Amino acid sequence: MPADPFAELLQRLRLETGRTQEQQAAAINAVSGRETMTRREINRYEHGENIPTNHTLGHIAVACGLPTEELQREAAAARARRRKAGRREGEDLDDVKRRTLLGGAILSAASAAEPWGRLAHALGKGAKIDSAAAGTLIDRASALHVSEHHLTAHQLQGLVESHLDAITAALPRAGTHERALTIAAGETAALAGWVAWDLGDYDSARAYYRVTEDCAESAGHPPLRALALGYASYGAATPEKAAELLAQAAKDVRGHGNATAAAWVHGRYAEEAANAGDDMGALRALDRARVVYDFADHASEQAWVRFVTPYRVDSLALSVYGQLKRKELTETAETAVSRLGEALPDSGVVVLGDLASALLRGGDIDQGVYVSRQFAAAAEARPNTMGRDRAQAIAARLPDSERELAAHLMQFAA
């Protein structure tokens, strides 16, 4: 049994979420963005051996959907109890038994007067999470969308699922933050779908996308549905079907405040239209993507659009011009390489992959092979979800003289 009321409270909070100690550690790491919490440390907290710092308590509170300040106040009370050397040890144990949090008994006025008792009472009444906790969850959701540039699908899977679990735990107590957290939940679910699809779990991917659309409807936020449709388009059976999904997504990102999202959707439509042989439709969509991106205000738009960087727009253009064998490919390639610079950004792996593929498609074999080698080195140094897909596409287009490079890329893709 836990040795202190606060330790028991931490145990109860974990049990209420249905998590094991290992899962609780993962949920806290998902909130903090760092892999520092372990199952052993959770066990120490729940047995009163250690008391989390206020910084860690903030992450625990967010992971469990609780008010940060109240949890920190209970920790302060636990520290104070430790300092009271004169208190009889058995008295605290009796208090724990009388005021148990695990039994679900109604707290009396006397027990609610204790700090830990007030928190338990507040939880029973559905205490609302504060702005800081809501902001942490929302920021973390958007940061995960950028993580695909430098993390593999396997690495992302646990982080995304744990964060979705944290938001789910917080939603019943979201209060005035409910709409914002519902949108963040949808963004996280969409990314979970993308990761599941990348790992070959197509049923889970579709389920996540449906949940994202449910969040969009619940929050009255159409761009969120566009995100789900955009991700789903990668798994469409045909280019024509993908274009249908993206055409619907384009309707969801009309209007002020959606320029970056619209640039991505139109750019993706251009890719699929080129795949389907609709040259004019592809070029019109790409032009539209570039124009709206020039007017985008990334700081005030949806959180998930952070992954739509200038490098990503270059990548879309390279993909389209390469498929269509357009003369604009050379100029676009030079611009993309110049923008990347010597210090390759995280998204640079994707750009190099699209550049290599575009050059090979466009018939510039020597330059395509050269860039393919650059891509192979960069992708190995910074493995990520999108790099694996591009490695397979490049390998399929390399000439017979580059069988060794093709085999290396296929091995990397697998």
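This is a predicted model: local features need pLDDT of at least 70, side-chain atom pairs count only at pLDDT 80 or more; totals for chains, interfaces and linings use all residues.
**Entry 1: helix 16 and helix 17**

I began with a general point: two packed helices are described by the angle between their axes and the distance between the axes. I then looked up helix 16, residues 279–294, and helix 17, residues 310–324; their axes come within 11 Å and cross at roughly 165°. An angle over 145 degrees counts as roughly antiparallel, and helix 16 and helix 17 are therefore roughly antiparallel to each other. I noted the crossing of helix 16 and helix 17 as left-handed.

Which residues make the contact? From helix 16 I listed Asp279, Ala282, Leu283, Leu286, Arg290 and Tyr293. From helix 17 I listed Pro310, Val313, Leu316, Ala317, Val320, Tyr321 and Leu324. By class, this contact of helix 16 with helix 17 has eleven nonpolar and two charged residues, with no polar ones.

**Entry 2: helix 9 and helix 11**

Next I turned to helix 9 (residues 131–147) and helix 11 (residues 178–198), which pack at an angle of about 25° with their axes 9 Å apart. Helix 9 is therefore roughly parallel to helix 11. The crossing of helix 9 and helix 11 is left-handed.

On the helix 9 side I found Ala134, Leu137, Ile138, Ala141, Leu144 and His145. They meet Ala180, Leu181, Ala184, Glu187, Thr188 and Leu191 of helix 11. I recorded nine nonpolar residues, two polar and one charged in the contact of helix 9 with helix 11.

**Entry 3: the cavities**

Rolling a probe the size of a water molecule over the atoms shows where empty space is left. How many cavities of 30 Å³ or more are there? I noted a count of five.

The largest cavity has a volume of about 70 Å³. Its lining consists of Leu10, Leu13, Gln24, Ile28, Ile42, Tyr45, Glu46, Ile60 and Cys64. Helix 1 (5–17), helix 2 (21–32), helix 3 (39–46) and helix 4 (54–64) each give two or more residues to this lining. Helix 3 gives the most, with three residues. I sorted the lining of the largest cavity into seven nonpolar residues, one polar and one charged.

For the second largest cavity I wrote down a volume of about 50 Å³. Asp4, Phe6, Ala7, Gly48, Asn50, Ile51, Ala78 and Arg82 line the second largest cavity. Helix 1 and helix 5 (68–83) are the elements that give two or more residues to that lining. The lining of the second largest cavity divides into four nonpolar, two polar and two charged residues.

I then looked up the largest pocket, which holds about 650 Å³ of space. Of its 30 lining residues, Tyr234, Glu271, Asn275, Asp389 and Ala393 are the closest to its centre. Which helix gives the most to the lining of the largest pocket? I found that helix 21 does, with eight residues. The lining of the largest pocket has eleven nonpolar, nine polar and ten charged residues.

The second largest pocket has a volume of about 360 Å³. I counted 19 residues in its lining, with Ala333, Val337, Leu355, Leu359 and Gln367 nearest its centre. Helix 18 (328–340), helix 19 and helix 20 (365–381) each give two or more residues to the lining of the second largest pocket. Helix 18 gives the most, with six residues.

Notes. Residues are numbered from 1 along each chain as its sequence is written. Side-chain values use heavy atoms; hydrogens and water are left out. Axes are lines fitted to C-alpha atoms, for helices over the stretch in contact, and angles run from 0 to 180 degrees between N-to-C directions. Helices (H or I, at least four residues) and strands (E, at least two) are DSSP runs, numbered from the N terminus. Angles under 35 degrees count as roughly parallel, over 145 as roughly antiparallel, 65 to 115 as roughly perpendicular and the rest as oblique. A crossing is left-handed if the near helix is turned anticlockwise from the far one by less than a right angle, and right-handed if clockwise. Contact means heavy atoms within 4.5 Å. Ala, Val, Leu, Ile, Met, Phe, Trp, Tyr, Cys and Pro count as nonpolar, Asp, Glu, Lys and Arg as charged, and the others, Gly among them, as polar. On a 1 Å grid over the protein atoms alone, a cavity is a set of points where a 1.4 Å probe fits but cannot get out, and a pocket is an open set with protein on both sides within 12 Å along at least five of seven lines; lining residues have an atom within 4 Å of a point. Grid points are joined across faces, edges and corners, and a volume is the space filled by probe spheres set on the points.
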